[in-house]
Structure formats: C-alpha cells, structure tokens
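This report goes through selected residues, packing and contact surfaces of one model. The sequence and structure come first.

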There are 2 protein chains.
Amino acid sequence: MRTLRLALEGRGYPIHIGDGLLARGELYAPHIRRRRLLVVSNQRILSLYQTQLQSAIGEFESVLIPDGEGAKVLTTLEQIVRQLLERRYGRDSVLLALGGGVVGDITGFTAACYQRGIAFIQLPTTLLAQVDAAIGGKTGVNHPLGKNMIGAFHQPLAVIADTSTLHTLPEREYRAGLAEVIKYGLIRDVGFVDQLEATMAALGARQPQAIAAAVERSCRNKLEVVMEDEREQGTRALLNLGHSFAHAMENAQNYRGLLHGEAVAVGICMAARLSADMQLLSGVAVERIHRLIEAAGLPCTVPAGLSAARLRECMAVDKKASVGVLRLVLLEDIGRAVVVQDVHETLLMDCLRACGAS
Amino acid sequence: MRTLRLALEGRGYPIHIGDGLLARGELYAPHIRRRRLLVVSNQRILSLYQTQLQSAIGEFESVLIPDGEGAKVLTTLEQIVRQLLERRYGRDSVLLALGGGVVGDITGFTAACYQRGIAFIQLPTTLLAQVDAAIGGKTGVNHPLGKNMIGAFHQPLAVIADTSTLHTLPEREYRAGLAEVIKYGLIRDVGFVDQLEATMAALGARQPQAIAAAVERSCRNKLEVVMEDEREQGTRALLNLGHSFAHAMENAQNYRGLLHGEAVAVGICMAARLSADMQLLSGVAVERIHRLIEAAGLPCTVPAGLSAARLRECMAVDKKASVGVLRLVLLEDIGRAVVVQDVHETLLMDCLRACGAS
C-alpha cells in the first residue's frame, strides 16, 4: 500500500492506494469512531464488495442509487436525503461512496449539502474514479442543460482506492479510465508519458504492478495541482484538457453514447490538433498523442451523427466559458498545458470537422 | 446609514443598514464592476422596488420565483440554474437576492452550487430577512421531510438592508420579524431586552428611528455570534432559541399555518417554560418574556390541531438532533442562553401540552 497526503490550509487527508484495501478496517477507523455510517452505492457494485466492506466496518446500512450518469441528478440527491432523514441521520454522520465517479460525485455533493455539510469517505472502484473523480473534492450533479453545473467543493475525510477492484471492471470502462491517466502525463509530466508508452501493454492486460504505478503517479499529479489551486482559480483548470470537447459530446449524446473517459480521449485528440493548428504544438507530438490514445484502445474521432454546430453550441455552456468567452486547455508541448482564450471560431470549427464532426 | 462589518478569516463583507439604500449605486459598485448580474425576486417585490434598483444598477435581467415558503425547494433552484445556463451566465456572475428570507435562502444556495459557487448580494426587504436570514451565510432549501435540510454556508459579497422597505410589509409579516429581534435580546443582550420593552410601541408603529435601532442592534448581535462560530460548531447554535419547536410546528402544518417568525415566538415561549420546568429560569422571567412577545403582537401558544406527539416526531428530525439525541436551546436567564442535551421526555411532552398542543 502507498499513502499520499492531500494537504490544504488547515485540512488534509490521506489517499491510500493498493490491493485489497476495502477490507482493511484500520484505514477507516481513524475517521469513523462512534459515528453513524451510510454506504451509498449501486446494486452491482455493492454485491461485489459487501463482504470486504463488512469485514472492515461490520454490518452497515446502505442506500442504493441507479447505475449510470443518468442517476447524477438532483432527484437522486433528494432520495438519498430522504433516506438520511427517515433514518434520523444527524450532522456527525459519515457517508461512504462505494463506486465509480457517479456514485462519488453525487455522494460527495449530498454530503456537502445535507444539513449544510457532513463528512464522507471516497471508496472508488473504477480506474476513472481512482485517478480523478475521487481526488480533489469536486462534487456535483448534472443539469439537463449541462454537466456538473450544480455542485460544491467538498473534500472527503479519506480516499481508499482498492486497486484490486479494477480487475472486475468491464473492459470498456477500464480503458475509458486510461484517458484520464494519459491526461496527467500530457498536461504536466512528460516522464509519465514515457512510462505509459513503455507499459501500455501491461496496463491494458491489467498487470497489477503497472496499474498500481499508474494510479499512484496519476494521483500524485492530481493532488499536486489541487494543493496549488483547490478552487480552480488558476492552474487547476489545466486538468480539464480535452474536457470542454468531451462535455460537449456527452451532452449532445444525452450521456448515452461515449463513456466520459472515451469522450475525454477524443477531446484530447481535438485539443492536440487545435494546438497544432494554432502553431503551439508540432505535428510529431500530435502523432505521438494519437498513438498513445490508440494503444490504450480509445477512440480519437467524434462519433457519427454529431455536427460541429451542435458541439459548438454545447461548448458555449461549459463552465470554462466565462461571460461568453470560450477558454480552452491546449498543449504547448507534451507535458505542458496552457489555457487559451482567443481561439478563432473558424479554426475551432475546422478542427471539430477534421476530427469527425459532420 | 450605518455599516457593520462581518469579518471572517481571510474574508469579510459590509452590512449596510438605512433608509433608501436600494437606490444607492455606490453601495453596489465595489462588488459588481463589469460582472454580469441576475436579480432573483418575486413579482410582488420586484414591482415595488424595480425603479429604485434600476437607478442604482441600471437596466437589469431578472428571474422571478413564486412567493412563499413552498418555493424554497430544489425544483426552484433547478429553474434558476436553467435561466443561468440558457442565458449563458459564467462563473464570474453575481446574483442579487431581492426579497425576504425565502428569496435570500434559495438565491444564496443557488449561488453556492451554480458551477460550484458564484457570488451573490443580499437585498433583504423584510424585517426577518434584515435581522436574521440575510446575515451570516446560511443558505438552503427545504426537503419534504424537514426544513433547511439541504443547504450550504455561503457568504454574500454584501448585505444592503434598506429599512424603508419595511413600511410596505403586511402587518402580520412585520410583526413576525419582531420575534427574531426579541430572540437576540433573550439569548445574549439583556440591555436590548430593556430597550425593546421601552420601544415596543414605537416599533409596532414602525417609527423609523426605532426600526433602525432594532435592526442595527440585532445585526450586531448576529454578526458577533457568526464571527465567533461561522459553521455552527458551538455558540452559533444559541441563535436557534425556539427554533426546534418552531420548525416542528411549521413542518407539522406543511408551512401553511404560522409564519416562521410567529412559530419562533411560540417556540421561544415553549423554551422559556421548559427552562423554568427544569429549574433553569425563574417564573418571573417567563412572565416577562410572555409580556414582551404579546406586546409585539405575537402568539404564545401552539395553534389548534397540533398534537404533542406529532410535534415531538417532527422535532426528532431537526438538524439540532444529533444521532437521535435531542439538543435544545434553553434560557438560564434573560440574556443568557444555553444548549441542553438531557431533556426528560416527560417534561418535554408536558411542556408541549402546557403550551397548547393537544
């Protein structure tokens, strides 16, 4: 097991990474003594890990939410709050988010809002959640008009990332998580890109040591950024490489097409291409990025049926758009991302079309 | 005009109190330069103050929400967010909450959640909002199972309390606000109780100087408590004198009977009686409190049709109840409140019945 520590002014919490951690009671104990617990999860994930969790924290109460991005809405929050109130959970209760990014985001936001804020612990069981969603305190739900538009910054008491859970992930979901892993290398850690190129076959085969190394280095990159800029006033925005494009595609597909990580993979390719079109990045670097994304088994082009005009429209409501000005994260080099405000509309539309939008 | 300042670590904001402030542009200017504004209000209030507000900030965009406590729900938040997204409001926008406690609470909570937090300004137009709801950063909405159960601590950029708006308040609503004014005296400022006893006739007649003095002294008491304990870890809980009882009555009536301030008045009388029953407070003091509440034209007894059993049930889900343990704010003296955990069930039920519950 490796333990990283996310330190924020006056606060801080551990991020434990390793095989078999869900069952290790001593990781929970410092945070939950005598406090009432509620596990939030979905049916499929809870049935997989119920036994491990019980051996760590004993018999527990739980609330199940539906699977998938469609559950990440205010009505789910209202349902969890209903359970909390009906079962008389007080302010000193602790929520445990057992699952992927959707479970973590909605559980964290419910914890942020219930009685104006209670504690929670992240137990991420997907690659995407372990390297990204569960780290850094961003929580929230989607609005019909935009992703993650309603939310809060609310840090957990701890993150317990059991890497053995990744072995039961569906192949497509596992590979989707690799997009966020690659992202960290591209924005700020060129050595990590080298490492990923060397170990992508082992990662694809879910070789435990390769997974542990990739999760740890991803988390280390993420927490360094979050410690610098918790509230995304500046550098934290760089973590959104590919995400303005990705959110637009997901939104245009009503969250029923690409997985988030797949959309991020396409978005990264778009950002790379646009960076090259703006003379920020070399064609060789763009090629290298494409090869890495493809080696991870991820898509590089926009799915059929999405028009450039529709994507552009969805991009306009993205959080990164400030008073109508579009801000995009682009690449100056592999390992060096930058926020760009003055993207020419024509270049942007050409790029969307070149990447497969109709 | 008087200006108080609420100072919190690293942050702080002004609370302006006086006649005619809504129209004074220089009070808004430091907070809104070049930022996009959205006024949240309801039809009745906006039509009363549109002209004043325009003279301060120019033509403005607005979103109207329904009147009354029934609007303080997640679906209203979702509707305001829809307007923000459709009109492309970015992260640097500012919401202006023009109205009473409901408008302030829901606008503040929407600001807390929209894109994980944007700024807002409180423009309270009721006595209750000016002395209580708009001060201190508590925001939120109701859940069908309990009041203010979903919310956030989110401080405004400024509070602009125009006391001339109180002259247009319906009589019942104005008097309801006096309950929170009296509360400050009872929990921590015996000199204020003396002052209120001496000026209650003038206050009832809405004499401007009496109003200004009462609003200012109330705000001063509130902000002193909030500066000591922003997140209600300790002393801020004392501000809830009478509120556990009040929330239970409001909830049992589905928010369609007593106004909040009226419920607080009854709740204060209950707390006083229970304090005497527990030998904390003298019968003389209880009498004095009753006289003051009655002089303000406020009720002292539970409305017909509410049973002690139902009220007790509603009290169990109150936020002040921790893991099933009921915590109540009681009085040790006039001007000295205390949190009590070990209230005997029989004493409590007897008190509810003695105060008129069936």
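Arg327(A) is partly exposed, with 18 other C-beta atoms within 10 Å. In these terms a residue is buried if 20 or more other C-beta atoms lie within 10 Å of its own, exposed if 12 or fewer, and partly exposed in between, with C-beta atoms placed from the backbone. Arg327(A) sits in the loop between helix 12 (308–316) and strand 10 (328–333) of chain A. Helices (H or I, at least four residues) and strands (E, at least two) are DSSP runs, numbered from the N terminus. Between the C-alpha atoms of Arg327(A) and Leu352(A), 25 residues apart along the chain, the separation is 16 Å.

The model is predicted: local features need pLDDT of at least 70, side-chain atom pairs count only at pLDDT 80 or more, and totals for chains, interfaces and linings use all residues. Residues are numbered from 1 along each chain as its sequence is written, while chains are lettered from A and ligands numbered from 1 in the order in which they are written.

Arg172(A) belongs to helix 6 (residues 171–188) of chain A and is exposed, with 12 other C-beta atoms within 10 Å. Glu228(A), in helix 8 of chain A, also counts as exposed, with 11 C-beta neighbours inside 10 Å. Phe192(A), in helix 7 of chain A, is buried, with 22 other C-beta atoms within 10 Å.

| Pair | Separation in sequence | C-alpha to C-alpha distance |
|---|---|---|
| Phe192(A) and Ala214(A) | 22 residues | 8.4 Å |
| Arg172(A) and Leu259(A) | 87 residues | 8.5 Å |
| Glu228(A) and Val94(A) | 134 residues | 27 Å |

**Helices 7 and 8 of chain A**

Leaving aside its neighbours within four places in sequence, Phe192(A) is in contact with Tyr184(A), Gly185(A) and Arg217(A). Contact here requires C-beta atoms, placed from the backbone, within 7 Å of each other. Phe192(A) also takes part in the packing of two helices. Helix 7 (residues 190–204) of chain A and helix 8 (residues 208–228) of chain A have axes 10 Å apart and pack at an angle of about 145°. The axes are lines fitted to C-alpha atoms, for helices over the stretch in contact, and angles run from 0 to 180 degrees between N-to-C directions. On the helix 7 side the contact is made by Phe192(A), Thr199(A), Ala202(A) and Leu203(A), and on the helix 8 side by Ala210(A), Ile211(A), Ala214(A) and Arg217(A). By class, these are six nonpolar, one polar and one charged residues. Ala, Val, Leu, Ile, Met, Phe, Trp, Tyr, Cys and Pro count as nonpolar, Asp, Glu, Lys and Arg as charged, and the others, Gly among them, as polar.

**Positive phi**

Most residues other than glycine have a negative phi. Arg116(A) has a positive phi of about 65° although it is not a glycine. Arg116(A) lies in the loop between helix 4 and strand 6 (119–124) of chain A and is buried, with 23 other C-beta atoms within 10 Å. In chain B, Gln115(B) has a positive phi near 50°. Gln115(B) is found in the loop between helix 4 (101–113) and strand 6 (119–124) of chain B and is buried, with 25 other C-beta atoms within 10 Å.

**Domains of chain A**

Chain A is assigned domain 1 (2–168) and domain 2 (176–354), with bounds from an automatic or database domain assignment. Taken over C-alpha atoms, the centres of the two domains are 26 Å apart. In domain 1 of chain A, 29 residues are in contact with 27 residues of domain 2 of chain A. Strand 1 (2–8), strand 2 (11–18), helix 5 (127–133) and strand 8 of chain A each give two or more residues to the domain 1 side. That side divides into 14 nonpolar, ten polar and five charged residues.

**Chain contact and core**

Between the chains, 33 residues of chain A are in contact with 33 residues of chain B. Helix 3 (74–86), helix 4 (101–113), strand 7 (138–143) and strand 8 (146–153) of chain A each supply at least two residues of the chain A side. The residues of this side comprise 15 nonpolar, eight polar and ten charged.

The largest nonpolar core has 239 residues, and those with the most contacts inside it are Met249(A), Ile268(A), Ala271(A), Met249(B), Ile268(B) and Ala271(B). Such a core is a set of buried Ala, Val, Leu, Ile, Met, Phe, Trp, Tyr and Cys residues joined through C-beta atoms within 7 Å.
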